[in-house]
Amino acid sequence: MKLDLITLFPEMCEAVLGESIIGRARKSEAIDVECHQLRDYAFDKHRRVDDTVYGGGMGMLMKCEPIALCYEAICEKRGSKPHFIYMSPQGKVLTQQRLRELSELENICVLAGHYEGVDQRIIDEFIDEEISIGDYVLTGGELPALVFIDALARMAPGVLSNNECFTEESHFNGLLEYPQYTKPQVWRGLEVPPILYSGDHAKVDRWRYEHSLINTAKKRPDMLEKKELSEEDLKIIEGNI
């Protein structure tokens with residue numbers, strides 16, 4: 001998986017992407033992530049990438065040419081046109097299902113916006129998809145871009161030790177994850193459910209599935225509207241909430 005990030009703050013992004021699981025995956029070359037300084041493609045003496053908005057209004061808007069030149073340079077380096085994503089509060093809210101679909105792509109380029117956003121002509125002519133991480137506005141697109149890259153990259157082969165590390169997590173199968181426990185077996189009078197240390201793997205699997213259903217029904221009932229539930233599933237939910 002090859003990921004390119006166009007940003008005004010590559011050092012900030014590298015500080016995050018160079019650490020922990022993603023950092024180790026980059027070092028092992030399980031994924032290829034590059035951060036590109038947008039100002040390197042602004043050729044006036046002040047390296048400006050923004051300007052005032054036609055029609056008036058507060059703030060500045062990111063200009064077309066630096067973004068276009070940066071993306072075209074990435075295309076040339078990669079030898080193809082990466083799927084180009086703009087992190088925007090106007091985009092569709094990111095879901096695990098969309099991440100699964102995007103994880104099948106070889107090359108993805110992400111644009112982190114700033115100021116009041118980007119010139120609409122870039123969106124119309126270059127952007128393949130706008131993605132939001134939630135219905136709120138941040139000061140820039142770097143944090144959403146980092147969230148997106150982290151969520152996507154961890155599904156690439158070789159990044160996590162086993163596919164089960166993400167296939168059993170919340171949202172992957174349309175349910176929230178089941179409750180989890182670690183040692184000690186009893187903590188301040190609270191005991192781990194005995195079935196989890198019974199050694200009966202079939203019963204453990206069944207307990208986990210049932211508690212995923214219960215957890216989802218309690219915390220995110222809207223998710224169940226999109227999932228086909230059996231009569232037995234419905235009985236489990238009705239008996240526990």
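Select Arg-78 and Asp-32, whose side chains meet in a salt bridge with an N to O distance of 2.7 Å in this predicted model. The pair links distant parts of the chain, since Arg-78 belongs to helix α3 (residues 64–78) and Asp-32 to strand β2 (residues 32–37), 46 residues apart. Arg-78 counts as buried at 15% relative accessibility, whereas Asp-32, at 27%, is partly exposed.

Next, select Glu-129 and Arg-98, which form a salt bridge whose closest N and O atoms are 2.8 Å apart. Glu-129 lies in strand β7 (residues 129–132) and Arg-98 in helix α4 (residues 96–102), so the pair ties together parts that are 31 residues apart in sequence. Glu-129 is buried, with 16% relative accessibility, and Arg-98 is partly exposed, with 26%.

Now show helix α8 (residues 201–219) together with helix α10 (residues 231–238), whose axes come within 9 Å and cross at roughly 65°. The contact involves several residues, among them Arg-206, Glu-210 and Leu-213 of α8 and Asp-233 and Ile-236 of α10. Within α8, the side chains of Glu-210 and Arg-206 also meet in a salt bridge (3.1 Å, N to O), and because these residues are four apart in the helix, about one helical turn separates them.

Finally, select Phe-9, Met-12, Tyr-136, Leu-138 and Leu-143, which make a nonpolar surface patch of about 450 Å². Leu-143 lies in helix α6 (residues 142–153) and counts as partly exposed at 47% relative accessibility.

How values were computed. Residues numbered from 1 in each chain as written. Predicted model: local features only at pLDDT ≥ 70, side-chain atom pairs only at ≥ 80, totals over all residues. Heavy atoms only, no water. Patch = residues over 30% accessible without salt bridge, like charges linked within 9 Å, V, L, I, M, F, W, Y side chains within 5 Å. Areas by Shrake-Rupley, 256 points an atom, 1.4 Å probe, with all protein chains shown as cover. Salt bridge = Lys/Arg side-chain N within 4 Å of Asp/Glu carboxyl O. Helix = DSSP H or I, 4+ residues; strand = E, 2+ residues; numbered from the N terminus. Buried < 20%, exposed > 50% of the residue type's maximum accessible area, 1.4 Å probe, protein only. Axes fitted to C-alpha atoms, helices over the stretch in contact; angles between N-to-C directions. Contact = heavy atoms within 4.5 Å.
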